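Here is a short briefing on a protein model.

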Amino acid sequence: MANHSQYGAEQAIDVNYRRFVIGGPAEDELGRSTSEYVYRADSFVCQAAIHAGLVSNEKGGCGVVKLSGSHSNFTSTIRNGIQSIPFDASFPKSFTFLSGLSSSCIKDLRWPLLAVTVVFTTLLSICTASPSVFFPTIFTMLFFHVGLVSDPPTNTNYASLFSLIIGRFLPAAFVAAVFYRYSVKPQQHDLNAYVERTVFWLGGAWVGSLNNYTFDFIPIQRLTPSDLRGQSGAPLALSIIVIFLLLIAVGQVGYLRLEGRLPKYLAIYGMFVTFLIVCVMIPQLHLRIHHYFLALLLLPGTRLQTRPSLLYQGILVGLFINGTARWGFDSILQTASELRGPDGPLHSALPNITSIVPAVSNITFEWAIPPLARGYDGISALVNDVERWRWYIGEGQPVKTFERQEEGELEYFRFALMRGSGAADFTKAGVWEGDGVWKGGRDLGGEG
């Protein structure tokens with residue numbers, strides 16, 4: 001999950017940047033764990049399958065899913081590198097994985113294809129002297145390997161995936177031709193150290209191209225202030241990366257100074273910095289540094305014929321390939337709504353719940369009329385994370401009584417203002433305990 005989402009109340013788990021798997025081993029009547037793993041129906045199926053041990057993230061696999069009805073008390077466990085999320089109320093749908101049943105499964109070819117491509121590119125790098133043969137061939141092979149094998153964009157079939165990758169390859173190839181002319185070709189010209197080129201440049205290119213594996217441990221998804229604040233360890237990781245880049249820059253400056261190219265490159269990067277400052281100052285737009293853009297900014301400083309420059313340039317070319325093959329040329333200037341995504345907070349107004357009357361078998365809520373002048377015309381109610389009810393201005397009194405779904409079980413309530421058919425931000429969850437006691441969330445009433 002790339003945005004803050006909450007499930008439950010006091011234990012309201014913030015699943016920002018966590019694998020979205022709710023559930024684990026089911027419990028018997030005595031509260032003991034069983035061998036059956038039960039997951040909430042909105043859990044990500046593939047991640048749940050890894051958690052249950054049905055498949056592995058390295059090799060993939062297949063299984064049989066059984067969709068079941070309502071289930072209560074989804075447990076939390078850490079298995080196979082995934083910590084599932086607990087949910088101690090009922091949910092209308094759940095699923096399990098059936099054991100002892102086979103299914104037709106296509107073998108995961110990522111690793112065999114990776115081996116074939118690595119061998120071919122290695123032989124090409126060792127046996128090819130011409131930069132005009134070496135770079136276009138390596139670039140093309142890595143681009144299609146990333147787009148079709150190692151990190152393909154989400155798609156429903158191979159035909160549409162191939163069409164998408166072809167569409168992204170053409171502009172990427174044009175940009176690659178530009179930085180080949182000004183960065184790669186000067187470095188590769190009359191370069192006879194083919195083994196060093198293979199180890200440093202090609203090895204770096206593979207590291208950058210496979211960054212969904214090689215850099216997956218770094219707790220940074222997007223370089224935006226809200227994401228850096230929301231990800232545990234992201235500020236520290238960013239600080240380490242910045243220090244590392246500064247040390248690399250100092251080394252490159254030393255080499256450029258020895259070659260007498262430093263004034264020229266100071267002017268180039270001065271223009272880059274000016275451009276970035278202008279982008280930051282544009283109102284209502286936010287600068288976002290993508291993989292491909294970071295590579296384009298740093299590639300000019302890697303044209304030197306040194307072992308470090310070979311490594312840096314290879315990594316940057318690989319990052320460019322991964323960024324454009326997987327995500328395309330996304331804009332570096334984005335609006336707040338584009339950065340937020342479909343599931344991010346709107347920072348909107350919240351409904352004013354004026355009265356809460358709890359009992360053992362039912363609970364009644366009353367609220368103030370939504371501010372129609374601001375475009376809000378209704379109320380939406382989530383019960384146990386499922387939208388159970390909507391009310392619009394003109395549909396009677398602003399009051400609603402909910403009956404308990406399962407006797408003795410707690411229920412979570414959250415409310416949001418409506419604009420037509422769309423809901424704004426929901427309140428924090430309030431808990432209606434099984435004995436009728438109400439424990440309000442931050443935005444709702446207190447204990448009753």
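The protein chain exposes about 23,400 Å², and carbon and sulfur atoms supply 61% of that area. Accessible areas come from the Shrake-Rupley method with a 1.4 Å probe; for residues, only the protein chains shown count as cover. This is a predicted model: local features need pLDDT of at least 70, side-chain atom pairs count only at pLDDT 80 or more, and totals for chains, interfaces and linings use all residues. Residues are numbered from 1 along each chain as its sequence is written, and side-chain values use heavy atoms, with hydrogens and water left out.

**Chain overall**

- The chain holds twelve helices and 21 strands. These are DSSP runs numbered from the N terminus: helices are H or I with at least four residues, strands are E with at least two.
- Of the 448 residues, 40% are buried. Buried means under 20% relative accessible area, exposed over 50%, and partly exposed in between (1.4 Å probe, protein chains only).
- Take contacts between residues at least 6 apart in sequence: 64% of them join residues at least 24 apart. A contact means heavy atoms within 4.5 Å.

**Cavity**

- One cavity of 30 Å³ or more is counted. A cavity is a set of points, on a 1 Å grid over the protein atoms alone, where a 1.4 Å probe fits but cannot get out.
- The largest cavity has about 40 Å³ of space. Volume is the space filled by probe spheres set on the points, which are joined across faces, edges and corners.
- Its lining consists of Arg110, Trp111, Leu114, His145, Val149, Ser150, Leu210 and Tyr213. Lining residues have an atom within 4 Å of a point.
- α2 (110-127) and α3 (131-150) each supply at least two lining residues.
- The lining divides into five nonpolar, two polar and one charged residue. Ala, Val, Leu, Ile, Met, Phe, Trp, Tyr, Cys and Pro count as nonpolar, Asp, Glu, Lys and Arg as charged, and the others, Gly among them, as polar.

**Strand pair**

- Strand β9 (residues 87-91) is mostly covered, with four of its five residues buried.
- β9 pairs antiparallel with β6 (residues 71-74) over three bridges. Pairing requires at least two DSSP bridges between two strands.
- Serine 72 stands opposite serine 90 in β9.

**Positive phi**

- Most residues other than glycine have a negative phi.
- Histidine 347 has a positive phi of about 55 degrees. It sits in the loop between α12 (336-340) and β13 (353-358), and is exposed at 71% relative accessible area.
- Asparagine 384 also has a positive phi, near 55 degrees. Its loop runs between β15 (378-383) and β16 (386-392). Asparagine 384 is buried, at 1% relative accessibility.

Technical notes
1 Å grid on protein atoms, 1.4 Å probe; cavity = no way out; pocket = protein on both sides within 12 Å on 5 of 7 lines; lining within 4 Å.
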